[in-house]
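Here are my notes on the model, as numbered points. Please read them with the structure open.

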Amino acid sequence: MSDDMTPSKALPALIFLPVFASTATANQQELQKLNPIVVTATLAPSTQGESLSSVTVVEEEDIKRLQALQFSELLESQPGISVTNAGSFGKQTSVFIRGHDSSSAVLLVDGIRLRSATSGAAAWQHLPPQMIKRVEIVRGSRSSLYGADATGGVIQAFTLPETKQSAGGWVEVGAGNFDSQQYSAGFSLVESDTKVNVGTHYFRTDGAPIVIGGEDKSYDNHSSVASASHTFANGVKVSGLFLNAKGTTEYEGGETDFMLQTAGASVDAPITRYWRAKLQVSDARDEGESFEPDSTPSFFDTQSRTARLENWFTWGVHEFVVGAERMTDQVDSTTIYEENSRANNAYFAQALFGFGPADLHLSVRNDDNEAYGKHTTWGASAGYQFDRQHRVRVSAGTSFKAPSFNDLYWPNYGDPTLEPEEAISYELGFGGHYASWFWDLALFQSDVDDLSLPSSNGVGSVPEARLRGIEAAAGLEVGDWAMKLAGTVGDYEDSETGDQLRRRAEQTVRLDVDRVLGPWSVGGTARAENHRFNDAGEEGRLPGYGLVDLRASWSFAPGWVTKLSVKDVFDKTYQTGIRWTGDLYTTAGRTAMLTVRYDIR
């Protein structure tokens with residue numbers, strides 16, 4: 001696909017799909033599948049439409065069908081999202097939501113926040129999709145519920161299965177080009193009051209060059225998960241999670257041993273008929289030790305401990321939550337920081353009002369951080385349901401992104417006086433859900449003050465930035481066919497100069513098509529993103545690209561299935577960044593993986 005390719009040309013058909021809709025009577029089961037229950041947007045279970053938010057859900061069957069090797073593959077070119085990386089296979093990955101920086105996207109695993117306190121961003125490249133059962137992608141400001149850094153949105157991964165009653169184990173092996181291998185095994189249980197998921201996965205590859213003309217850079221990741229929940233007869237629910245991923249990734253000039261880990265427990269108890277309380281405690285770690293020739297090894301270990309209390313009250317159809325949260329970040333490193341710990345205390349409240357076809361959501365939160373002081377954020381959403389299929393929503397809210405330890409204290413780089421990035425965001429959305437298909441359209445804008453732009457020369461900022469655009473999505477499930485189409489046209493610019501912000505693609509489009517043919521399943525994904533700039537001032541132009549992935553599976557015997565996936569079928573290597581040396585980061589090109597799985601029931 002040429003550099004001048006513009007995915008926005010594909011959007012009109014997406015936007016006007018509703019005109020050709022059938023108004024047939026909705027089938028409840030299909031409606032639930034196409035309008036799923038989500039929890040991340042409002043903290044409470046609600047349908048996608050009732051959440052009054054722009055939400056994309058990746059279900060367990062989607063994860064299996066897509067055969068993703070890395071978590072970021074589930075996010076690439078989804079509505080409002082652009083992903084960049086410093087090479088294939090476990091290399092540094094950035095996720096931009098609606099033009100906001102990667103450190104402005106909050107990553108949660110079963111409600112536990114996972115990120116590096118030093119860089120401020122999540123290690124998206126090391127989270128294993130094989131251990132994940134479901135993903136919710138919420139776009140738009142959520143600081144009034146989740147605090148700092150939720151300016152672009154929140155992405156939550158869930159480890160417990162959502163299926164009906166079942167029990168069984170599984171084993172899987174696979175191999176592909178670049179001498180890639182993967183092995184996994186696990187067990188899951190779903191009963192009326194109990195859910196259990198235990199699994200382990202190992203992936204290794206010799207890798208491919210990450211810069212043009214470079215040598216292969218290997219990667220290995222051994223991950224494990226153990227999660228469970230149980231609801232007692234008195235209504236008390238207890239849950240626990242342990243997830244660990246560790247391995248080694250090579251880069252130009254060295255290698256890093258990494259470890260990503262989260263552990264937590266929660267109790268959700270009814271106090272009275274109209275009041276229930278939930279307490280969650282957690283420990284999340286992001287650790288890395290780097291080795292380079294002729295240099296002393298360096299390490300950066302960060303730990304975040306969190307305690308969060310939510311009190312839920314009901315009054316008729318209305319719901320209210322009042323809560324508090326304390327998070328403590330701790331840094332241990334070979335680099336000497338002026339400060340190596342900080343605590344954040346927060347109080348928040350939310351009201352979810354229902355007035356027949358109309359809904360109103362209000363939220364407010366106050367954060368008090370030892371490093372950068374107090375910040376209060378708010379959010380407001382309103383929606384109106386015209387009939388069973390159609391709904392309109394409008395929302396506004398404020399948010400802020402906290403400066404990381406690197407931003408504040410890195411020697412000869414950080415600025416201890418750096419203020420948090422602040423934003424106010426607006427959204428107008430329309431949606432329709434029918435028996436076998438859906439559509440959604442959203443217009444958004446964020447006005448950002450002091451947008452941070454870290455670079456090799458230190459922490460810079462854009463005094464004022466404007467991030468605006470339009471997202472459209474549609475999905476169809478008819479018979480053995482399943483299709484999803486998504487597109488985004490954005491305008492992410494420095495308000496003073498009009499320059500496009502660095503590293504962000506402004507136009508993306510993605511099409512997923514799958515069909516079941518008896519014991520066979522075949523499908524593919526086509527996606528494209530337009531050009532971006534590596535540096536401020538629209539310097540370092542990186543061409544746009546278009547890719548096609550193909551996949552197939554065959555259930556050849558009871559319990560047995562073999563799968564084949566070929567990513568980037570036409571071997572379109574592309575670049576999404578420039579190294580400080582001037583070398584272009586490049587992708588591996590065509591990759592293939594063949595797996596065999598046995599499910600024990």
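1. Start with one pair of residues. Val 58 has Val 135 as its bridge partner in β8. This is a predicted model, so everything below is computed from predicted coordinates. The pair belongs to the contact between β3 and strand β8 (residues 134-139), where 5 bridges join antiparallel strands.

2. Now the sheet around that pair. β3 and β8 sit in an open sheet of 5 strands, ordered β3-β8-β9-β6-β7. The pairing in this sheet is mixed. β3 (54-58) and β7 (112-113) are the edges. Each has a single partner strand, so one side of each has no neighbour in the sheet.

3. Look next at strand β6 (residues 105-109). Are its residues buried or exposed? Of its 5 residues, 5 are buried. In a regular strand, side chains alternate between the two faces of the sheet. In β6, Ala 105, Leu 107 and Val 109 are on one side. Val 106 and Leu 108 are on the other. Both faces are covered.

4. β6 pairs in two senses. With strand β9 (residues 153-158), β6 runs parallel over 5 bridges. Ala 105 stands opposite Gly 153 there. With β7, β6 runs antiparallel, and 2 bridges join the two strands. Leu 108 stands opposite Arg 113 in that pairing.

5. Check the turn between β6 and β7. The two strands form a hairpin with 2 residues between them. Asp 110 lies in the loop between β6 and β7. Its phi is near 50°, a positive value in a residue other than glycine. Most residues other than glycine have a negative phi.

6. Gln 67 is another residue to check. Gln 67 is not a glycine, yet has a positive phi of about 55°. Gln 67 is placed in the loop between α3 (60-66) and β4. Is Gln 67 buried or exposed? Its relative accessibility is 14%, so Gln 67 counts as buried; the cut-off for buried is under 20%.

7. β4 itself (residues 81-85) holds Thr 84. At 1% relative accessibility, Thr 84 counts as buried. Which residues does Thr 84 contact, leaving aside neighbours within four places in sequence? They are Gln 92, Thr 93, Ser 94, Phe 96, Arg 503, Arg 532 and Thr 576.

8. Trp 170 is in strand β10 (residues 166-176). With 9% relative accessibility, Trp 170 counts as buried. Beyond its neighbours within four places in sequence, the contacts of Trp 170 include Met 131, Ser 184, Ala 185, Gly 186 and Phe 187. Arg 597, Tyr 598 and Asp 599 are also among them. Arg 601 is 431 residues from Trp 170 in sequence. In space the two are 8.7 Å apart, C-alpha to C-alpha.

9. Strand β15 (residues 254-272) and strand β16 (residues 275-291) run antiparallel, joined by 17 bridges. A hairpin through 2 residues links β15 to β16. Within this pairing, Gly 264 has Ser 282 in β16 as its bridge partner.

10. β16 also pairs with strand β17 (residues 298-315). Here 16 bridges join the antiparallel strands. Asp 286 stands opposite Thr 302 in β17. The hairpin of β16 and β17 has 6 residues between the strands. In that hairpin Asp 294 takes a positive phi near 60°.

11. Step back to the whole chain. The protein chain has 5 helices and 35 strands. Its radius of gyration is 23 Å, close to the 25 Å that the globule rule gives for 601 residues, so the chain is as compact as a globular protein of that length. The C-alpha atoms fill a box of roughly 65 × 60 × 45 Å along the principal axes.

12. Buried residues make up 56% of the 601 residues. Among contacts between residues at least 6 apart in sequence, 59% join residues at least 24 apart.

13. Last, surface and charge. The protein chain exposes about 25,000 Å². Carbon and sulfur atoms supply 55% of that area. There are 51 positive and 78 negative side chains. The centres of the two sets lie 7 Å apart.

Technical notes: Residues numbered from 1 in each chain as written. Predicted model: local features only at pLDDT ≥ 70, side-chain atom pairs only at ≥ 80, totals over all residues. Heavy atoms only, no water. Pairing = 2+ DSSP bridges. Helix = DSSP H or I, 4+ residues; strand = E, 2+ residues; numbered from the N terminus. Rg over C-alpha atoms; globule rule 2.2 N^0.38 Å. Buried < 20%, exposed > 50% of the residue type's maximum accessible area, 1.4 Å probe, protein only. Contact = heavy atoms within 4.5 Å. Areas by Shrake-Rupley, 256 points an atom, 1.4 Å probe, with all protein chains shown as cover. Lys, Arg positive; Asp, Glu negative; His and termini not counted. Charge placed at Lys NZ, Arg CZ, Asp CG, Glu CD.
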